[in-house]
Amino acid sequence: MEEVEAYAQGTPVGMFEQGENGEDLGLTEEELLVLEQENHDLYEEMTALSSEVKNIEGTVMEISRLQELFTEKVLTQAEQISEIHQTAVETTENVRSGNEELREAIRNNAGFRVWLLFFFVMASLCLLFLDWYS
């Protein structure tokens, strides 16, 4: 464990000089340097990958939060659309009822005009008759 901590701090402690059982591996100084350099490169790569994984995890969490927000907004809009639809249906019925009322008013007004015209014609005839008679 000390070797890993020392290596992480940048000071390798001869990790490749002995095997697991303490026997000498018979590696030259150059081979040891190459192995330690490869080990350092792998450590740096794994550290970079870990950092990338943390960034991706944060991005995924943000996407999840945004998707929840999006779902909430879609449900809210679905309710609003339903209300708008219901209002549109009621408005259509009100316009239809209003048109029927207008037609009936036009018919009643036409009948009234006919009676008013009849009254004026009869009054005029009465006046003409009275003028002729006197």
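Q: Is Trp-115 buried or exposed, then?

A: Trp-115 has a relative accessible area of 62%, so by the over 50% rule it is exposed. Phe-118 comes out at 46%, which makes it partly exposed.

Q: How many aromatic pairs does the whole structure have?

A: A search finds four aromatic pairs. Take Trp-115 and Phe-118: their ring centres are 6.1 Å apart and their planes stand at 90°, so this pair is edge-to-face. Both residues sit in helix α2, which covers residues 29-133, and they are three residues apart, about one turn of the helix. Phe-119 and Phe-120 also pair, with centres 5.8 Å apart and planes at 55°, so that pair is tilted. Of these two, Phe-119 is exposed at 52%, while Phe-120 is partly exposed at 48%.

Q: Which residues do ring pairs link into a cluster?

A: Those are Phe-129, Trp-132 and Tyr-133.

Q: What makes up the nonpolar surface patch?

A: Trp-115 and Phe-118 turn up again here, along with Leu-117, Val-121, Met-122, Leu-125 and Leu-128. The patch has an area of about 760 Å². Leu-117 belongs to helix α2, and its relative accessible area of 56% makes it exposed.

Q: What about charged side chains, and how many salt bridges are there?

A: In general, side chains of opposite charge can pair when their charged atoms come close. Here the count is two salt bridges. One joins Arg-65 and Glu-62, at 2.6 Å from N to O. Arg-65 is partly exposed at 45%, and Glu-62 is partly exposed at 35%.

Q: Which residues form the other one?

A: Arg-96 and Glu-93, with 2.8 Å from N to O. They too lie in helix α2, three residues apart, about one helical turn. Arg-96 is partly exposed at 43%, and Glu-93 is partly exposed at 43%.

Q: Where does pLDDT stay under 50?

A: Over residues 1-5, where the model has two contacts beyond four places in sequence. As a general rule, where pLDDT is low, the predicted coordinates should not be read in detail. For the protein, the average pLDDT is 84, and 81% of the residues score at least 70.

Technical notes:
Residues are numbered from 1 along each chain as its sequence is written. This is a predicted model: local features need pLDDT of at least 70, side-chain atom pairs count only at pLDDT 80 or more; totals for chains, interfaces and linings use all residues. Side-chain values use heavy atoms; hydrogens and water are left out. Rings of Phe, Tyr and Trp (its six-membered ring) pair if their centres lie within 6.5 Å; planes under 30 degrees apart count as stacked, over 60 as edge-to-face and the rest as tilted. Helices (H or I, at least four residues) and strands (E, at least two) are DSSP runs, numbered from the N terminus. Buried means under 20% relative accessible area, exposed over 50%, partly exposed in between (1.4 Å probe, protein chains only). Patches are made of residues with over 30% relative accessible area and no salt bridge: like charges are joined within 9 Å, nonpolar side chains (Val, Leu, Ile, Met, Phe, Trp, Tyr) within 5 Å. Accessible areas come from the Shrake-Rupley method with a 1.4 Å probe; for residues, only the protein chains shown count as cover. A salt bridge is a side-chain nitrogen of Lys or Arg within 4 Å of a carboxyl oxygen of Asp or Glu. pLDDT is the predictor's confidence in each residue, from 0 to 100. Contact means heavy atoms within 4.5 Å.
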